[in-house]
Amino acid sequence: MATYVGSNYRRKEDYRLLTGKSEFVADMKLHGMLEVAFVRSMHAHAEIAVDGTEALKMPGVHAVLTARDLAGVVGPLNPLEEFRLPQDLIDTIHPVLLPCPEDILAVDKVVYAGQPIAMVIAENRYLAEDAAARVLVKYTPLPVLADPFRAREPGAPPIHPAMGSNVQASLHVEVGDVERGMAEADCLLKRRFVVPRVTANPLETRGVLADYDRRSDSLTVWTSTQVTFMVRSNIAKLLDIPEEKVRVVAPDVGGGFGTKGGVYPEEIAIAYAARRLGRPVKWIEDRMEHMQSCRQSRDQVHEVEVAFNRDGRILALKDEFVVDSGAYNPLLVTCPYNTVAHMRGMFKIPNFAIAGACVITNKTPSIAYRGAGRPEAVFVMDRLIQIISRELGLDPVEVMEVNLIRPEEMPYDQGMYYRDGTKLVYDSGDYPATLHHALELAEYDRYRALQRERRSEGEYIGIGISSYIEGTGIGPFEGAVIRVDATGQIVAYIGSTPHGQSHETTLSQICADEFGVSPEQVTVRAGDTSLLPYGVGTFASRGAVTAGSAVQVASQKLREKMMRIASHTLEIPVEDLEMRDGKVFARQMPGRSMSFRDIARAARPGPNPARPADLEPGVEATHYFVPPSVTYSGGVHVAVVRLDKDTGQIDIIRYVVVHDCGRVLNPMVVDGQIQGGVAQGLGEAMYEQIVHDEQGQLLTGTYMDYLQPTAMEVPDVIQGHSTFLSTRNAMGVKGVGEGGAISPPAAIANAVSDALSMIGIEVNEVPVTPVKVLQYCREADARMRLAAAEGAR
Amino acid sequence: MQLNGQVQFRHPTAVIWSALHDPEILRAAIPGCESMTLNGEGSYDVVLRLGVAAIKGEYTGHVAVEDVVPQSHYLLTAEGSGTPGFVKVQMDCKLDPTEAGCRLTWDCSADVGGMIAGVGGRVLGGVAKLLAGQFFKQVEKQLAQVRA
């Protein structure tokens, strides 16, 4: 009975967040707490000799730790188990994957500017910073490899000598027969596409506080993370202590976007320091550290060949791409495989060959960022659609339409594997309908007409379309324990760690519907490894699908158990009972009832329990949801823009998103996810780029250099929901976290290219900065003047 | 980073040449110079206190002057590092006599790293030119004082 699922239930988190009652790691203070400043490399590649003796003499300094102190005590970080490819996929595509462990503090040499070398632990951050300035690091610079194309050359010296090469991972996937497709097609074209390095910039930077309890010899670590369980298992493994002795808590987390979806050396180092010193130890990343050292993302270059017929039908696509992974690649091929799996999106492209390589360079290590390899794929595919349409003199909509998968072809098999090792088969959707819904909201025909009319007046209007498919709700699992306490309150304990996704609201809506109560009678507890034995985390648009389904099924199990207890006590068959408004009652005799509190009392352990003998004591049920495969969300973005010839700004006249995330749990929350995702995507499209110089030095270390859109630049997105239920979970939900961020770079690049189609401008690289727009407009003006002069003659 | 510039002096080449090789004058003229002492290897150990944008701090390092053609062409190399990062500079300086005195043409390549690159990079070129201007102005001022 869906009373709350699907409603705009007001976010439970907001009262706390808006009234200052929230608690982030930086807010926490423990008695006797020490603070840390890291000494970070100022060179991108150098041998180092570290001397902390002067720093240790500074007032208030408790310890200066370097790699020497960690040797033999704290192991290096290896790629996370959770991001390894499943064996059946490895056996199918035979990827190359070289081990590339990451030292917690640099040992003998540094491989990127910003790498932690030493940690100074002092009474407070001020003293720690002062002492960090006294740590002497002698650098002997080594040649820097900042360009992945140079780094991957066979003769290039390996940055990690044990690897023997800088190509850390490579993979190749082929579907159909590309050569034949190429041979049969009417037309062929080649292009190069560049999606630069960006950084997620959550409002809250990283932060870690670790507390060692001498009595139980155990650690509690509060960290701003998306993956508490992965942090726990790595702390236990690297410090060589039982997992039972480590509790990891993510309190309120101010955004992660993938950047906090991994385990960082600092988390291990702080945990170690707290244990070693027997004192609480805290580190809060400052924004400069964040820009330099927090893992970054994207950074792909694609060389593509596409073969198509005169009607726009694509017969074959061949792509070779290089990912600049930076100095370490903890997520292995997660992002590049996402690029591979999502490249063809909503389109039927029978012959497809794609090869990708992750190259190690002397730059900040890489990680996933909202979309995780998908925005890159969509950028390539949707630029191609537009380039093909221009080549053939067709409207891009026509080219999209001849290639779109039709609704009657669902479930559609793309003939390859997804990253979870299951077959890549789209579960549901009507892509032509989604496209047309978006075009309608964008008033496509009206703006096409306006574009023609205004162009003769020297105004450049462009329309850009982008579509995407997104595998969401990836496994391996997520769990929920649902319990009714002695006062009748329902508590849902989950392993998925929220950082802005509204878990407390949407999961309590799901739970409330199963029990027939108000969401206020449900407390959702998350972000703490002590709540339940297993958990994965919140990333890859997986929360609603995995944690949502776990909560739903666990609630159903518990409901059933409660009905049996009530049936036993009331001596009324279960079929004649109903659960509603916090009690179970006989349908025929509503007076005969038990409240949740009564049921909780009846279920308590003890002699002569008032529950069926075969039931375990307690009002509790657990479910681990294991998705059969991912669910495929999808959507279409349409951007209508006007180029400002004076400022080079791209004025967004209309930005439309029609999105299918299956059953919508809370429309307000989904709208927020889309709006926020679009904001980040527009940043990537128009402003954001992490730039390193040839020496691997970061040149964009401040918000003056790394420009992000503000409320001024982000329009209110016009949204439409199309609901095609997933067939892979009972509620029919699909993920929505990343969709908003996937398409804007492609939509904006298409719109700008479209505005300037008369001079053949192709925007095959983002960001389309104001400087570029100004150049384009000048070229276009010159061309238009010339054409007018010729016309006059 | 590549920078270059020219500066006019009202003194003859020989005077400017010796001033630019005079540790006393250099110490007083180098912006932010806290100390400058000759070390055994023919170069000077220096301590500088400088700010670029929001990044202020102390740099320790070395400065050396190497003559290519006496009285007209020398190379100045400097490197220093500190909490804000590191700087490595090679400056090619040529002196030509003019009617009013002489002209110094300098061509400089600089590597910067660490926080000053990331945070100050945007303004670094401007700041470097400003500092160079200050330096040459100070040299003239020092000369005037010596003469007075």
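Reader: What is the relative accessible area of A:E409, and is that buried, exposed or partly exposed?
Author: This is a predicted model, in which local features need pLDDT of at least 70, side-chain atom pairs count only at pLDDT 80 or more, and totals for chains, interfaces and linings use all residues. Residues are numbered from 1 along each chain as its sequence is written, chains are lettered from A and ligands numbered from 1 in the order written, and side-chain values use heavy atoms, leaving out hydrogens and water. With buried meaning under 20% relative accessible area, exposed over 50% and partly exposed in between (1.4 Å probe, protein chains only), A:E409 is partly exposed at 28%.

Reader: How far apart in sequence are the parts tied together by A:R295 and A:E102?
Author: Their side chains meet in a salt bridge at 3.3 Å, N to O. A:R295 lies in the loop between α10 and β14 of chain A and A:E102 in the loop between β4 and β5, so the pair ties together parts that are apart by 193 residues.

Reader: Are A:R295 and A:E102 buried or exposed?
Author: A:R295 has a relative accessible area of 2%. A:E102 has 4%. Each residue counts as buried.

Reader: Which strand holds A:E303, the partner of A:R192?
Author: These side chains meet in a salt bridge of 2.5 Å, N to O. A:R192 is in strand β9 of chain A, 111 residues away from its partner, which is in strand β14.

Reader: How many of the 12 residues of helix α8 in chain A are buried?
Author: Helices (H or I, at least four residues) and strands (E, at least two) are DSSP runs, numbered from the N terminus. The buried residues of α8(A) include A:F229, A:I235 and A:L239. The helix is largely enclosed by the rest of the structure, because the buried residues number 10.

Reader: Which elements do those buried residues of α8(A) pack against?
Author: α8 covers residues 228-239 of chain A. Taking contact as heavy atoms within 4.5 Å, its buried residues pack against β11, β12 and α9 of chain A.

How values were computed
The expected span of a helix is 1.5 Å times one less than its number of residues. A salt bridge is a side-chain nitrogen of Lys or Arg within 4 Å of a carboxyl oxygen of Asp or Glu.
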